[in-house]
Amino acid sequence: MHFFAEGRFANPEIKDSLDRLSLDGSQKFRNALAPALVQLKESGGEMKTCRVALAAYLRYCAGVDMEGKAMQCVDDPMKAGLEDVGGRMKASPEKGTCEEFLTLVFGEDLVGGWGAFVDGVFSAYLELEEKGARAMLVA
């Protein structure tokens with residue numbers, strides 16, 4: 001992941017942007033991760049990459065970068081709800097708020113009763129806030 005993060009966006013030949021990649025992020029996460037998460041829930045498998053990605057997206061939804069500067073979240077069908085939950089999580093990180101975010105993105109059927117998933121994303125969020133994004137990607 002370190003190579004991807006450092007090389008992809010530093011490369012002037014790649015014209016992609018974080019804004020474009022995060023467009024409709026809630027739907028992209030749901031469509032891309034839900035099938036894998038269902039399998040992980042059933043098997044009890046490891047999900048570190050998923051936890052970190054979701055924690056980073058939750059952090060992004062706060063609308064404030066890691067240096068405290070305001071940033072505009074991109075268009076998403078659930079933008080208002082995501083910004084609300086992201087802002088509350090940034091102001092006062094709580095496991096219940098994290099669970100609300102995950103339920104908003106994936107639905108109660110997947111998230112409900114899956115405490116290990118919520119705990120994992122919540123822990124990753126706290127680590128992201130403490131160490132920063134670059135350290136999380138290198139780890």
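Among contacts between residues at least 6 apart in the sequence of the protein chain, 62% join residues at least 24 apart. The model is predicted. The chain has 139 residues, and 35% of them count as buried. Nine helices and zero strands make up its list of elements. Read from the N terminus, the order is α-α-α-α-α-α-α-α-α.

Start with the core. The largest nonpolar core has 36 residues. Within that core, L37, L54, F101, L102, F106 and F117 touch the most other members. The elements that give two or more residues to this core are α3, α4, α5, α6, α7 and α8. In soluble globular proteins, nonpolar side chains tend to be buried together.

Take L37 as a way in. L37 sits in helix α3. Its relative accessibility is 0%, so L37 counts as buried. Setting aside residues up to four places away in sequence, L37 touches C50, F106, L110, W114 and F117. Two of these partners, F106 and F117, are named with L37 among the core residues that touch the most other members. L37 and V111 are 74 residues apart in sequence, yet their C-alpha atoms are 9.5 Å apart in space.

The axes of α4 and α6 come within 11 Å and cross at roughly 100°. On the α4 side, the contact is made by L54, Y57 and L58. On the α6 side, C98, F101, L102 and F106 make it.

Now follow α8. This helix covers residues 115–131, which is 17 residues. At 1.5 Å a residue, α8 should span 24 Å. Its end C-alpha atoms are 24 Å apart, so the model agrees with that expectation. Which residues of α8 are buried? They are F117, V118, G120, V121, F122, A124, Y125 and L128. An α-helix has 3.6 residues a turn, so residues three or four places apart point the same way. What covers the buried residues of α8? The cover includes α3 (25–43), α4 (48–60), α5 (79–91), α6 (95–106), α7 (108–111) and α9 (133–138). After α8 comes G132, and its phi is positive, near 95°.

One end of this picture is L128, in helix α8. Its relative accessible area is 6%, so L128 is buried. Apart from residues up to four places away in sequence, L128 touches A55, A56, R59, M66, A133 and M136. Among those partners is R59, which is 69 residues from L128 along the chain. The C-alpha atoms of L128 and R59 are separated by 8.4 Å.

R59 lies in helix α4. Is this arginine buried or exposed? At 4% relative accessibility, R59 counts as buried, because the cut-off for buried is under 20%. A polar atom of the R59 side chain lies 3.2 Å from the backbone oxygen of D65. Beyond residues up to four places away in sequence, R59 touches V64, D65, M66, K90, Y125, L128 and E129. Y125 and L128 are also in the list of buried α8 residues.

K90 leads on to A62. A62 is in the loop between α4 and α5. At 16% relative accessibility, A62 counts as buried, because 16% falls under the 20% cut-off. Leaving aside neighbours within four places in sequence, A62 is in contact with G86, G87 and K90. A62 and L82 are 20 residues apart in sequence and 8.0 Å apart in space, C-alpha to C-alpha.

Finish at K95, in helix α6. Its relative accessibility is 41%, so K95 counts as partly exposed. Its contacts beyond four places in sequence are V118, D119 and F122. Of these, V118 and F122 are listed as buried in α8. K95 and D119 are 24 residues apart in sequence, and their C-alpha atoms are 7.1 Å apart.

Note on methods: Residues are numbered from 1 along each chain as its sequence is written. This is a predicted model: local features need pLDDT of at least 70, side-chain atom pairs count only at pLDDT 80 or more; totals for chains, interfaces and linings use all residues. Side-chain values use heavy atoms; hydrogens and water are left out. Helices (H or I, at least four residues) and strands (E, at least two) are DSSP runs, numbered from the N terminus. The expected span of a helix is 1.5 Å times one less than its number of residues. Buried means under 20% relative accessible area, exposed over 50%, partly exposed in between (1.4 Å probe, protein chains only). Contact means heavy atoms within 4.5 Å. A nonpolar core is a set of buried Ala, Val, Leu, Ile, Met, Phe, Trp, Tyr and Cys residues joined through side-chain atoms within 4.5 Å. A polar contact is a pair of N or O atoms within 3.5 Å; within protein, one must be able to donate a hydrogen and the other to accept it, and residues adjacent in sequence count only if both atoms are side-chain atoms. Axes are lines fitted to C-alpha atoms, for helices over the stretch in contact, and angles run from 0 to 180 degrees between N-to-C directions.
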